[in-house]
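Please look at the sequence and structure below before reading on.

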Amino acid sequence: MSLIETAHAKINLYLHVTGRRPDGYHLLDSLAVFAGAADRLIYEPSGSPLTLDLTGPFGMKLADDATDDNLVMRAARFLAEGTDVALTGRLVLEKNLPVASGIGGGSADAAATLRLLDRAWALNTPQERLLAIAARLGADVPVCLVQRSTRMRGIGEQLAPAPALPACGMVLVNCGDAIATPAIFRTRNAAFSPEAILPAAWPTVAAMTADLARLTNDLEPPARTLCPAISMVLDVIAALPGCQFSRMSGSGATCFGLFNSEEDAGKAADALRREAYPWWIWAGSVLRERV
Ligand code: C5P
């Protein structure tokens with residue numbers, strides 16, 4: 001019987017770079033939320049060594065990456081370490097999210113692999129061990145493992161409760177330029193930002209966006225320098241009817257707009273699609289479960 005996991009897009013509502021470790025990794029303070037947009041990972045049992053096939057609109061972008069080095073295959077190997085499970089079966093990754101785009105696609109896929117194979121192989125791995133494996137795979141993988149609104153600190157591995165979110169619509173837009181995260185961190189030349197002070201809950205979208213407006217994505221200025229299309233995308237999102245707030249997510253290039261409802265977001269995305277930009281556009285809502 002095949003098993004399925006969804007790997008939802010991770011959106012950073014703000015992202016402060018608060019410091020730098022001696023090993024070069026950056027200390028962050030960020031509020032990660034998850035959107036309905038998702039990749040799908042399917043597992044079919046077999047007696048043969050584990051394989052990975054790629055499908056979906058962005059599958060081709062990753063085709064060269066369907067090797068043993070792929071984050072999905074590395075996640076599978078790390079999970080099996082120290083167990084007597086045989087690395088068998090067939091994984092199919094339906095790649096619906098743009099690649100290298102600041103919404104955690106690869107990290108979400110790796111995290112989904114851990115959840116899926118833990119079930120498929122009946123390992124019952126303790127959550128603490130799953131989180132430790134996730135941290136070895138990448139800074140964003142732990143938050144994608146829990147896949148709920150989460151405050152991230154440290155280099156991304158320190159997870160804490162997020163404010164309760166209002167019901168809220170979202171539009172995601174990606175201009176198609178893949179962005180390498182290390183280059184963005186290298187280009188950043190601003191001072192470090194302080195940690196944010198957040199309430200326990202945002203009862204309305206207006207309350208949330210008023211606070212977000214005082215915060216920043218510190219990776220947005222270097223990303224705009226390396227990828228000027230981001231500035232245009234942000235201008236276009238901000239001008240959409242009903243848009244309450246717009247910002248870039250993660251290290252880019254995907255940008256988001258927040259709306260009072262999923263319906264408002266859908267109407268804005270329809271209007272944007274009529275403009276026929278060669279962009280990936282998604283509309284839906286923000287998932288409201290939180291750590
Ligand atoms: O951990 P991950 O592979 O997602 O990070 C990619 C790169 O982004 C790292 O090699 C590092 O250059 C940079 N990075 C960082 N500080 C973080 C997360 C990522 O400098 N907290």
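Glutamine 147 sits in the loop that runs between α4 (141-146) and β5 (150-153). The model is a predicted one.

- Glutamine 147 is not a glycine, yet its phi is positive, at about 50 degrees.
- The relative accessibility of glutamine 147 is 15%, so this residue counts as buried, the cut-off being under 20%.
- Alanine 100 also has a positive phi of about 50 degrees without being a glycine.
- The loop between β4 (88-94) and α2 (105-120) holds alanine 100.
- With a relative accessible area of 38%, alanine 100 is partly exposed.

**A cis peptide bond**
- Glycine 252 and alanine 253 are joined by a cis peptide bond, with omega at about 5 degrees.
- Alanine 253 belongs to the loop between β8 and β9.

**Helix α8 and its surroundings**
- Helix α8 spans residues 229-238, and its buried residues are Ile230, Val233, Leu234, Val236 and Ile237.
- Viewed down the axis of α8, these buried residues fall within an arc of 165 degrees, so they line one face of the helix.
- An α-helix has 3.6 residues a turn, so residues three or four places apart point the same way.
- The elements covering the buried residues of α8 include the strands β7 (169-174), β8 (245-248) and β9 (255-259).
- Helices α7 (220-226) and α9 (262-274) are also among the elements that cover the buried residues of α8.

Methods: Residues numbered from 1 in each chain as written. Predicted model: local features only at pLDDT ≥ 70, side-chain atom pairs only at ≥ 80, totals over all residues. Heavy atoms only, no water. Buried < 20%, exposed > 50% of the residue type's maximum accessible area, 1.4 Å probe, protein only. Helix = DSSP H or I, 4+ residues; strand = E, 2+ residues; numbered from the N terminus. Arc of directions from axis to C-beta. Contact = heavy atoms within 4.5 Å.
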